[in-house]
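Subject: Structure for you to look at

Dear colleague,

Here is the structure that I promised to hand over, with the sequence alongside. Please open it first, and then read the notes below with the model in view.

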Amino acid sequence: NEVDLKIEEAVLNREKNYDNYIAAYADVAQGEKEIVVSASNFYEIASDSSATLHEEFNGKTGVLEFKKAPDYVSWHFSVPTDGIYCMAPVYYPLKETGREIETALQIDGEFPFREAASITLPTAYQSEKGILIDEFGDDYNSSQVELLKWYSEPLKNADGMYDDPYSFYFSAGEHTLTIYLQQECFALSE
């Protein structure tokens, strides 16, 4: 489909990488204010979307639940001043499958850099039953289970290419943010 082709094209564009992107904005100051975009205030959603808007979901209000991939949703938002901003979505993984939540992110209809076409939202795991002891008296970990809880983590490179979270340049004014769900289900609050 068209979305998959755009994502593949962005990933293959070696010149439009994060190093080149952020270098172009090296002299731009950090944004002055936090900007919160509520998931419930979307303006466009995929025509075949399985997403559901919940008034309340696990202690948060106005939550958008992505039930299956592929899917996408877009928001309009306003930026008060030119600047560099980090994004930290508030999300909740929905299934314990062991697969990562994979998304793609467009700003104003474009992937700002190729790595934005494949962003992983991190989750955490814990031992199901803690430390166990086998018949020889040796300690071992029980099975790992995903922690189903709300996360708020700045977007960053999952491969460890960059230590710091991704920074995004926004000029003052109106912008559009589109998130594509590529793999795994999750709920989004902001």
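**The pockets**

The lining of the largest pocket is made up of 22 nonpolar, 4 polar and 3 charged residues, where Ala, Val, Leu, Ile, Met, Phe, Trp, Tyr, Cys and Pro count as nonpolar, Asp, Glu, Lys and Arg as charged, and the others, Gly among them, as polar. Please keep in mind that this is a predicted model, in which local features need pLDDT of at least 70 and side-chain atom pairs count only at pLDDT 80 or more, while totals for chains, interfaces and linings use all residues. Residues are numbered from 1 along each chain as its sequence is written, and side-chain values use heavy atoms, with hydrogens and water left out.

A pocket here is an open set of points on a 1 Å grid over the protein atoms alone, where a 1.4 Å probe fits and protein lies on both sides within 12 Å along at least five of seven lines; lining residues have an atom within 4 Å of a point. Grid points are joined across faces, edges and corners, and a volume is the space filled by probe spheres set on the points. By that method the largest pocket has a volume of about 600 Å³, and among its 29 lining residues the closest to its centre are Ile35, Cys86, Met87, Ala88 and Pro89. Strands E4 (71-79), E5 (83-85), E7 (101-107), E8 (119-121), E15 (173-183) and E16 (186-188) are the elements that each give two or more residues to this lining.

The second largest pocket has a volume of about 300 Å³. Of the 14 residues that line it, Arg114, Glu115, Ser118, Asn157 and Asp159 are the closest to its centre, and the lining divides into 6 nonpolar, 4 polar and 4 charged residues.

**The chain and its cores**

The protein chain has 2 helices and 16 strands, which are DSSP runs numbered from the N terminus (helices are H or I with at least four residues, strands are E with at least two). Of its 190 residues, 38% count as buried; buried means under 20% relative accessible area, exposed over 50%, and partly exposed in between, with a 1.4 Å probe and protein chains only.

A nonpolar core is a set of buried Ala, Val, Leu, Ile, Met, Phe, Trp, Tyr and Cys residues joined through side-chain atoms within 4.5 Å. In the largest one, which has 34 residues, Trp75 and Phe168 touch the most other members, and E4 gives the most to this core, with 4 residues.

Most residues other than glycine have a negative phi. Which values of phi are found at Asn58 and Glu184? Phi of Asn58 is near 45°, and that of Glu184 is near 80°.

Finally, a search of the whole structure finds 0 disulfides, a disulfide being a pair of cysteine sulfur atoms within 2.5 Å. Cys86 is partly exposed, with a relative accessible area of 43%, while Cys185 is buried, at 7%.

With best wishes
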